[in-house]
Amino acid sequence: METDLKLLPPSTEDQGTQRCRLGPKAMSLLGVKIGYPVVISLPGGSYLCTAWPRRDLCDGYLQLDAMCSTTQLPNSNSKNSSVSVTRLKHLMSVKLRKVTVKVVLRDLEVKQRTSSWTVHELVKDVLRNLYVLPQYTVTVTGDSPVVNLVVLGMDPLENGAGLVTAKTTVHIEETTTLEWQRHTLQDAERCVVAGIDDICASLREMINLPLHYPETMSKLGLSCPKGLLLVGPPGVGKTLLVRAVAREAGAHLVSISGPAIHGSRPGEGEENLRNIFEKAGGISRSGPCLLFIDEIDSLCPKRGASENAPENRIVAQLLTLMDGIHSDHQMAIVAATNRPDALDPALRRPGRFDREVVIGVPTLAQRKAILEVLTSNMPVCDDVSAAEMADMTVGYVGADLTAMCREAAMQAVLQAHQDGADGRISKAHFYEAFRKIRPSSARSGVGQVEFKPVQWEQIGGLDDVKMHLKQSIEWPLKYPDAFIRMGLTLPKGVLLYGPPGCAKTTLVKAVATGCHCSFLSVSGADLFSPFVGDSEKTLAQIFRQARASTPAIVFLDEIDAIIGSRSDHGSGVQERILSVLLNELDGVGLKTIERRACDKVLLEGGHGVDQDDKLEFQEVVNKSVMIVAATNRPDVLDNALMRPGRLDKLLYVPPPDEKAALLSLHTSGLQATSVKMEHFQKSLQSMKPSLTVQDLEVYEKLCGKSRKG
Amino acid sequence: MSEKVSSGSLVQSLRRCFDVLEQQQKEWKFAIQECDPLVTTLSNLSDQLQACQKVNLQNGPLSEFPDLQDRLQYKLKAAMEVTLEKLNDKLSILQKVRDAVSLLVGSVFYVYEVNADNIGLEGSLSRTAHSPSIADMLEWLQDIEKHYRNQYLVRKLLLQVRYDQLSEIKNLPQHWNRLDDKSSSKQLVEGIIFNFFLNFIF
């Protein structure tokens, strides 16, 4: 006997009857009698039907009525596929005492119009003489206000299909609308957010508390804080966070974006705002609702800053909607911005945006968490480690890391396309991607340089200088905890001085190549500008960028040209730049906007970190910016700059001695053409040294002074 | 032997069931017929009430009579109440029919369950030229019971009228008659059943 039944679409008379039509042989194989419950498992879902013989008594065909199924929104799958008889299972029938359901009505209007008694009667009529199982959906055809029912529970809960009889009590647990159900089902893909768990918790609490504990809230006599402002650089995950939390809490997300509000007619913007708030308020009556305003600084600039009356009116409208006389909404409002200082200060008071959360550029641990989440879904090779990549990607935000992973995947796909390999993403792909994607914090302008990487071996001689450099620059950036442990303060800056042409800049390039730090280089051309105050702003911005992507090295080349000494008559600009630099090197505190999560570093022995140490490490993070300056004329520099605590390490880069000269010749790669000794001797005679003996003496004197001091 | 006995008892209960069904169907039809004029009356009254609410009696010859508008409205409302009461009486007749049918069908299914093993699948499915199979008859009974239940509920919900929805009451006869038409296919089925029945010899 064939065990495959061909699936046909159900006949119209069977609609709403929960019947499935089988041939007699299939029925005897299953051992069912007429009208007994049968579960049919198909790829689309499971269907619970009652077994009835086919009218024409033919074998080999199956028709079923999809009234009671597991798919919440069943679409008619009337494909001519074949179903094996093994997929049908015969269940016992259990008479139910009580059944609990969730009712889904057509829409909000119907829900408000129909009384609960009517709904109860309709539901009882639908369920009468029907077999149900928990978590199954009963679809109602026709134009009744009830669209479908979800069976939440049945009593007694035994291993069989429950039959709803005249004596069963039907309990309606929840009534919702079709739109709401569709909305909760649509978000099937979960977006996971890594690295910002504490902010997630704060937002989740804001949504859930009034929902789950309304009596506590009313007993306290206060309303729960409803506004949250997310501040942070672009690409850090603000919108993603809001979406993830809304999905988790099952809240409906209504979003506003600034440009969508503005309209052409006067007053249209305010009208749009009012409509959106009303819509969100309506939705919040039937379930938790979250209103998300993205880029709020474009919608609400400071009033009075520009005499732009329409804009001011929109700001005023938003303020009244959030906290005015007619605002009795129950929804949570979350806003995201990059520039909190451009916001109207009236917005940032309790009652409107009570809480402000700063999401900074991710630290090492956060980057590692983000990378782990990103690569969990990708087919990566085993040698790819998230810790290593997190180490490499200094200054990258969440969006950059996503772009990097995407780029690596593209590389792998391209390579697989060409080679026919199996398409797993390896370390090489990630390195390629890393080279292509630059961090967004570093994309804006000032201080970005590209140079050919220089290895330490390519610089001849200067061994002690190299050692000093490594000690002063690389070690504090890489191992701050060791310095703290030994009770040392970290050096902040290094000054390289010496005759011109002695490889100071090359040395700095070698340092930058050697450690994976972000490298920012500033010269006079970047800083000086005709506008008053512009150079200070530029310098401050460079330092801010450096702090955002620590560990970082800021290289100030020809610093004597940028910064004069204050004792001279001094052109004003240079003095001001000097003051900015002094403050950045040694100023008070940390700007709140630049706050980042502190790296928890465990001391030896695995002890936890207590409060003081935490703060210290945070300060360490703040201080992970090294200044390297190079100059030919160290005597011109201000004394305040050269004191310990600022540019405390002074390194003299001497002109090359004999050994150095020969070494540099060796490594300059002239192997292809053979250069003979005679050529060199001849060129040495023609070339004159650029330094005179007096200059050398000056430098030696200075060097002696600093060595002794 | 026991098979014959069980199937015999089942067939007997089926026959009794269909007999009772015939009677109940007659009652149902009669009740619906009686409802029709009442529904029309109701809609007329609602029409009058609506007109009364809209009219402005002050500016006409009838302005002499004190409280005319209020009295008219009161009278109309009272008449509507009376009509609704009568309709509710008919509804209760329909409810009785529905309950009787449910009980009957339930008992037939119970008998089937008890005797199912004895009769066997073959017995339930066998059809002859002059009698339908047990499966077919059970199916029809289920359909009929569901039909009565649905009909009763829809009619009852339709009659849940309120004074502020006078326009809906105006449209009541149309909806009411439409109910009869919609279920025309079901009526056909029942017609066929009863016709069959009169010709069957068990």
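Colleague: In which sense do β1(A) and strand β7 of chain A pair, and over how many bridges?

Modeller: In this predicted model, β1(A) and strand β7 (residues 82–84) of chain A pair in the antiparallel sense, over 3 bridges, and within that pairing K6(A) stands opposite S82(A) of β7(A).

Colleague: And what is the bridge partner of K6(A) in β5(A)?

Modeller: The bridge partner of K6(A) in β5(A) is Y61(A), and here β1(A) and strand β5 (residues 61–64) of chain A pair in the parallel sense, again with 3 bridges.

Colleague: Which residues of strand β1 make up the covered face, and which the uncovered one?

Modeller: In strand β1 (residues 4–8) of chain A, L5(A) and L7(A) form the covered face, while D4(A), K6(A) and L8(A) form the uncovered one. As background, side chains in a regular strand alternate between the two faces of the sheet.

Colleague: Switching topic, what is the strand order in the open sheet of 5 strands?

Modeller: The order is β17-β18-β19-β16-β20 (chain A), and the pairing is parallel. Because β17 (252–257) and β20 (355–358) of chain A each have a single partner strand, they stand at the edges, and one side of each is left without a neighbour in the sheet. From one strand to the next, the twist averages 20°.

Colleague: How many bridges are there between β16 and β19, and what stands opposite G227(A)?

Modeller: Strand β16 (residues 227–231) and strand β19 (residues 332–337) of chain A pair in the parallel sense over 5 bridges, and I333(A) in β19(A) is the residue opposite G227(A). Helix α7 (residues 238–249) of chain A packs on this sheet, where it touches β16, β17, β18 (289–294) and β19 of chain A, and its direction makes about 170° with that of β18(A).

Colleague: Which strands does helix α9 lie across?

Modeller: Helix α9 (residues 268–284) of chain A lies across β17, β18 and β19 of chain A, and it runs at about 170° to β17(A).

Colleague: At what angle do α9(A) and α11 pack?

Modeller: α9(A) and helix α11 (residues 309–323) of chain A pack at an angle of about 20°, with their axes 9 Å apart. Angles under 35 degrees count as roughly parallel, so α9(A) and α11(A) are roughly parallel to each other, and their crossing is right-handed. Among the residues that meet there are L273(A) and F277(A) from α9(A), and I314(A), L318(A) and L321(A) from α11(A).

Colleague: On backbone geometry, which peptide bond is cis?

Modeller: The peptide bond from D155(A) to P156(A) is cis, with omega near 5°, and P156(A) sits in the loop between β13 (146–155) and β14 (161–163) of chain A.

Colleague: What is the phi of N129(A), and where does that residue lie?

Modeller: N129(A) is not a glycine, yet has a positive phi of about 60°; it lies in the loop between α3 (116–127) and β11 (131–132) of chain A, and at 34% relative accessibility it counts as partly exposed. Q135(A), also a residue other than glycine, has a positive phi near 70°, and is found in the loop between β11 and β12 (137–139) of chain A.

Colleague: Where in chain A is confidence lowest, and where highest?

Modeller: Confidence is lowest in helix α23 (residues 611–622) of chain A, at a mean of 48, and highest in strand β10 (residues 98–105) of chain A, at 89. The mean pLDDT of chain A is 77, with 81% of its residues reaching 70 or more. Over residues 598–612 of chain A pLDDT stays under 50, and for that stretch the model has 19 contacts beyond four places in sequence.

Conventions: Residues are numbered from 1 along each chain as its sequence is written. Chains are lettered from A and ligands numbered from 1 in the order in which they are written. This is a predicted model: local features need pLDDT of at least 70, side-chain atom pairs count only at pLDDT 80 or more; totals for chains, interfaces and linings use all residues. Side-chain values use heavy atoms; hydrogens and water are left out. pLDDT is the predictor's confidence in each residue, from 0 to 100. Helices (H or I, at least four residues) and strands (E, at least two) are DSSP runs, numbered from the N terminus. Contact means heavy atoms within 4.5 Å. Two strands pair if DSSP finds at least two bridges between them. Axes are lines fitted to C-alpha atoms, for helices over the stretch in contact, and angles run from 0 to 180 degrees between N-to-C directions. Buried means under 20% relative accessible area, exposed over 50%, partly exposed in between (1.4 Å probe, protein chains only). Angles under 35 degrees count as roughly parallel, over 145 as roughly antiparallel, 65 to 115 as roughly perpendicular and the rest as oblique. A crossing is left-handed if the near helix is turned anticlockwise from the far one by less than a right angle, and right-handed if clockwise.
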